[in-house]
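Subject: Structure handover

Hello,

Here is the structure I promised to pass on. Please load it before reading further.

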Amino acid sequence: MKLQAALDTLTLDECLELLEETKGYIDIAEVGTPFIIEAGMVPVRAIKEKFDSIEVLADAKIMDAGEFEADKCFEAGADIVTVLGVSNDETIEGCVRSAKKYGKKIMVDMIAVKDLEQRTIEIDNMGVDYICVHTAFDVQASGKDPLEELKVVNKVIKNAKSAVAGGVKLSTIDDIVNEGAEIIVVGGAICNAKDRAATSKKMKSHLK
Ligand SMILES: O=C(CO)[C@H](O)[C@H](O)COP(=O)(O)O
């Protein structure tokens, strides 16, 4: 199991500091969608250059022009790029072509997918590496969390590995760990913690 820190709202300097403080606990640094909107691929390049032992995920949430956009992320140094599960099959297939060209990986973000089981079965046959259930930030306030969706994905996937995101915190991580996921994504619970190193260390210690 890997711990992915979602870096959504910090500055680049704050992110580099966080990754330095949490060395050994964070396996994947996610350059979050808000960060990409703010800074483009600059943080992807900077993190990759400074931390060669940490994988970098560009949370581009690609929706169209899959191969072209994934190419841009991989050229900047991303190890993993995200595409949306609600996209057309051609878009996801384009991202997979790009990942194969660069020897890198694709994560499909299943945010807002209506028929999760059926779409997971379809996407699982497209050669993607990870299928990530994701409770949107905008619906987390209603109390929804991603555990039930993770169970649906785990039940049907045969090729890809599962990942989970959306409001994961220390009080919910054990249920996720027990259900099983290759990647656990944590944003606010690490970035907004008073002691980010201690929180990351603790979270990592809960993973199998
Ligand atoms: O992709 C995202 C929002 O769309 C976030 O990076 C992801 O949800 C993790 O952050 P948090 O743990 O704060 O929900």
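My notes on it follow.

This is a predicted model: local features need pLDDT of at least 70, side-chain atom pairs count only at pLDDT 80 or more, and totals for chains, interfaces and linings use all residues. Residues are numbered from 1 along each chain as its sequence is written.

Overall fold. The protein has 11 helices and eight strands. These are DSSP runs, numbered from the N terminus: helices are H or I with at least four residues, strands are E with at least two. The radius of gyration is 16 Å, close to the 17 Å that the globule rule gives for 208 residues, so the protein is as compact as a globular protein of that length. That radius is taken over C-alpha atoms, and the rule is 2.2 Å times the number of residues to the power 0.38. Along the principal axes, the C-alpha atoms fill a box of roughly 40 × 35 × 30 Å.

Burial. Buried residues are 45% of the 208. Buried means 20 or more other C-beta atoms within 10 Å of the residue's own; exposed means 12 or fewer; partly exposed is in between; C-beta atoms are placed from the backbone.

Core. The largest nonpolar core has 62 residues. Such a core is a set of buried Ala, Val, Leu, Ile, Met, Phe, Trp, Tyr and Cys residues joined through C-beta atoms within 7 Å. Val81, Val108, Cys132, Val164, Ile184 and Val186 touch the most other members. Strand 3 (residues 55-62) gives the largest share, five residues.

Ligand. The shell around the ligand holds 15 residues, and the closest are Ala6, Gly32, Ala165, Gly187 and Gly188. Near here means a C-beta atom, placed from the backbone, within 6 Å. Strand 8 (183-186) and helix 10 (188-191) each supply at least two shell residues. The shell divides into seven nonpolar, six polar and two charged residues. Ala, Val, Leu, Ile, Met, Phe, Trp, Tyr, Cys and Pro count as nonpolar, Asp, Glu, Lys and Arg as charged, and the others, Gly among them, as polar.

Asn192. Where does Asn192 lie? It lies in the loop between helix 10 and helix 11 (196-206). Asn192 counts as exposed because it has 11 C-beta neighbours inside 10 Å. Asn192 and Glu17 are 175 residues apart in sequence and 14 Å apart in space, C-alpha to C-alpha.

Best wishes
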